[in-house]
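Here is my note on the model you sent over.

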Amino acid sequence: MSDATNQSEPTLVLDDRPSDDSSYRVLARKYRPATFDDLIGQDAMVRTVSNAFETARIPQAWILTGVRGVGKTTTARILARALNYELPDGSITAPAIKMPAIGVHCQAIMESRHIDVIEMDAASHNSVDDVRQINDAIRYAPVSARYKVYILDEVHMLSTQAFNALLKTLEEPPAHAKFIFATTEIRKVPITILSRCQRFDLRRVDAGLLVKHLETIASREAIEVEPEAFALIARAAEGSVRDALSLLDQAIASRVRRSMEPAREQTGGRCGPLPRGPHTTTFPYRSPIQRPAQATGPRSVVAAGAKCSASTHKEG
Ligand SMILES: Nc1ncnc2c1ncn2[C@@H]1O[C@H](COP(=O)(O)OP(=O)(O)O)[C@@H](O)[C@H]1O
Ligand SMILES: [Mg+2]
């Protein structure tokens with residue numbers, strides 16, 4: 001759960017696309033957690049959800065909030081998977097938080113293509129008509145899964161009328177239906193909606209945990225990166241796992257084989273603007289979750305120590 005070093009090889013293709021697609025997947029998509037054990041830094045939420053499942057006190061709606069890249073969409077899919085966990089031999093007949101093997105519905109749910117798990121981007125489907133469609137369809141039983149799960153991402157973007165249209169269904173959905181909302185801006189979600197949901201605040205992930213996570217992924221990718229580069233990336237990511245993985249992708253892509261020394265000398269190990277020298281590679285990357293005040297100044301991350309020694313990343 002919290003220790004990235006405990007992670008085993010992913011058992012699922014942790015991606016939104018079908019598994020036979022062999023094109024390159026960015027690290028953030030390739031390493032999307034498939035179980036609660038793979039999620040890092042969200043122990044409090046995982047504990048509460050586990051207790052709810054174990055005592056069969058599963059609410060009809062959850063709302064997940066937090067800055068970008070901390071696991072909201074991932075958690076929503078894992079919840080949908082847990083709600084519908086079922087093995088081919090029929091031995092599991094209720095929602096399960098422990099999912100040691102790939103269940104009947106798991107792969108389709110994690111790839112976001114299961115017929116009973118409906119993912120809707122509320123930013124682009126924010127009208128009252130969109131919610132009416134949910135209200136109409138929710139009455140029908142799931143096709144193959146145990147529960148029909150509606151995942152509404154960026155739910156704060158729904159129009160006022162759309163929120164109002166949702167209230168009744170959210171209050172008393174059919175027994176076969178569950179809602180999972182995700183939002184980066186919980187303050188924009190009406191209190192009437194919030195009061196019908198169980199709320200989880202996903203936290204920014206601690207830099208130490210991020211470093212461990214990056215180390216695990218780099219070793220799985222057979223990429224050698226100097227420890228200091230991990231620390232710089234983790235700090236620049238400001239708690240967002242997705243940002244950290246995007247930066248690692250960039251570090252790998254830069255194919256730098258230089259020593260970390262020059263960067264360390266110039267920065268004292270801290271992130272910051274650096275003159276571009278023969279031994280340094282700077283990322284003109286700005287974390288999207290930086291506060292506006294910080295984001296205005298020039299900022300770059302130095303990861304000159306990203307030594308890529310994997311055969312696929314050798315310098316020509
Ligand atoms: N808590 C986490 N533990 C492990 N990986 C995470 C976590 N949060 C995000 N990630 C990584 O970042 C990617 C994007 O996460 P996502 O759940 O889509 O974030 P968001 O909170 O923006 O919905 C995931 O595919 C995964 O690689
Ligand atoms: Mg998301």
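A crossing is called left-handed if the near helix is turned anticlockwise from the far one by less than a right angle, and right-handed if clockwise. Helices are DSSP runs (H or I, at least four residues), numbered from the N terminus. The model is predicted, with local features needing pLDDT of at least 70 and side-chain atom pairs counting only at pLDDT 80 or more, while totals for chains, interfaces and linings use all residues. Residues are numbered from 1 along each chain as its sequence is written, and chains are lettered from A and ligands numbered from 1 in the order in which they are written.

1. Start with H8 (residues 207-220) and H9 (residues 227-237), whose axes lie 9 Å apart at an angle of about 125°. Axes here are lines fitted to C-alpha atoms, for helices over the stretch in contact, and angles run from 0 to 180 degrees between N-to-C directions. H8 is therefore oblique to H9; angles under 35 degrees count as roughly parallel, over 145 as roughly antiparallel, 65 to 115 as roughly perpendicular and the rest as oblique. H8 crosses H9 in the right-handed sense.

2. Who touches whom in this pair? On the H8 side the contact includes Leu-210, Val-211 and Leu-214, and on the H9 side Phe-230, Ile-233 and Ala-234 are among the partners. Contact means that the C-beta atoms, placed from the backbone, lie within 7 Å. By class, the contact of H8 with H9 has nine nonpolar, no polar and two charged residues. Ala, Val, Leu, Ile, Met, Phe, Trp, Tyr, Cys and Pro count as nonpolar, Asp, Glu, Lys and Arg as charged, and the others, Gly among them, as polar.

3. Next, H8 and H10 cross at roughly 45°, their axes coming within 11 Å. This crossing is right-handed. Leu-210, His-213, Leu-214, Ile-217 and Ala-218 of H8 meet Val-241, Ala-244 and Leu-248 of H10.

4. H9 and H10 have axes 8 Å apart, at an angle of about 135°, and their crossing is right-handed. Ile-233 and Ala-234 are among the H9 residues in this contact, with Ala-244 and Leu-248 among those of H10.

5. Now the ligand. Which residues come nearest to ligand 1? Of the 22 around it, they are Arg-32, Gly-71, Lys-72, Thr-73 and Thr-74 (near means a C-beta atom, placed from the backbone, within 6 Å). Helices H1 (27-30), H3 (72-83) and H10 (241-254) each give two or more residues to this shell.

Notes
Contact = placed C-beta atoms within 7 Å.
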